[in-house]
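Here is a short note to read with the model open beside you. Take the points in order, and find each residue as you go.

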Amino acid sequence: MVRDMPALDPIRPLVTVIPKTSAVPSGHRATFHETSGVFLGDYGKLCGPALMDHPVEEWVAAVRRCLPGVLLHAVQQYKPREAKDLRLDVAPYLHADYGSWLTGMRMMVSPFRFCTFEMVPIEVAGDGRTGRGVRLS
């Protein structure tokens with residue numbers, strides 16, 4: 001494990017291990033022209049008003065104003081208490097082509113202000129395919 005490397009001895013107490021929850025296939029590096037759309041995270045979380053500092057409808061509308069005509073995507077890992085019609089392309093979490101689908105996004109943004117950690121953008125950036133994660137708050 002990386003944290004056990006001798007070079008990290010002086011800072012070992014400061015190292016935090018971040019678990020990897022899903023595997024994304026390696027090998028291909030997407031180019032700008034091979035990617036499209038914007039990934040907004042988990043649909044269930046988007047519908048949870050306690051996780052955001054602005055209503056999700058306002059946030060999604062702002063993204064649409066900035067990027068007219070661009071398809072907005074989400075994944076559904078968590079079931080929302082109250083579903084909202086956000087006009088997003090919602091895919092099931094860990095579906096058969098999940099890795100390719102996820103790394104085919106041109107941009108990923110996270111509207112969540114009150115989540116402890118958003119794993120999916122880290123997984124994709126860690127895979128080296130996009131590295132274009134953005135946090136808007």
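**Notes on the model**

1. The chain has four helices and five strands; helices (H or I, at least four residues) and strands (E, at least two) are DSSP runs, numbered from the N terminus. If you walk along the sequence, the pattern reads β-α-α-β-β-α-β-α-β.

2. Please keep in mind that this is a predicted model, where local features need pLDDT of at least 70, side-chain atom pairs count only at pLDDT 80 or more, and totals for chains, interfaces and linings use all residues. Residues are numbered from 1 along each chain as its sequence is written, and side-chain values use heavy atoms, with hydrogens and water left out.

3. How confident is the predictor? Its confidence in each residue is called pLDDT and runs from 0 to 100. The average for the chain is 77, and 72% of the residues score at least 70. Among the elements, strand β2 (residues 72-76) has the highest mean pLDDT, 93, while strand β5 (residues 133-135) has the lowest, 37. Over residues 128-137 the pLDDT stays under 50, and the model has 31 contacts beyond four places in sequence for this stretch (contact means heavy atoms within 4.5 Å).

4. Now the chain as a whole. Of its 137 residues, 36% are buried (buried means under 20% relative accessible area, exposed over 50%, partly exposed in between, with a 1.4 Å probe and protein chains only). Take the contacts between residues at least 6 apart in sequence: 73% of them join residues at least 24 apart.

5. Next, please find histidine 73, which sits in strand β2. Is histidine 73 buried or exposed? Histidine 73 is buried, because its relative accessible area is 8%. Leaving aside neighbours within four places in sequence, its contacts include Ser36, Phe39, Asp89, Trp101 and Met105.

6. Finally, a search of the whole structure turns up one salt bridge, meaning a side-chain nitrogen of Lys or Arg within 4 Å of a carboxyl oxygen of Asp or Glu. Lysine 84 and glutamate 57 form this salt bridge, with their closest N and O atoms 3.4 Å apart. The pair links distant parts of the chain, 27 residues apart: lysine 84 lies in the loop between β2 and β3 (89-92), and glutamate 57 in helix α2 (residues 56-66). Glutamate 57 counts as partly exposed because its relative accessible area is 41%.

Conventions
pLDDT is the predictor's confidence in each residue, from 0 to 100.
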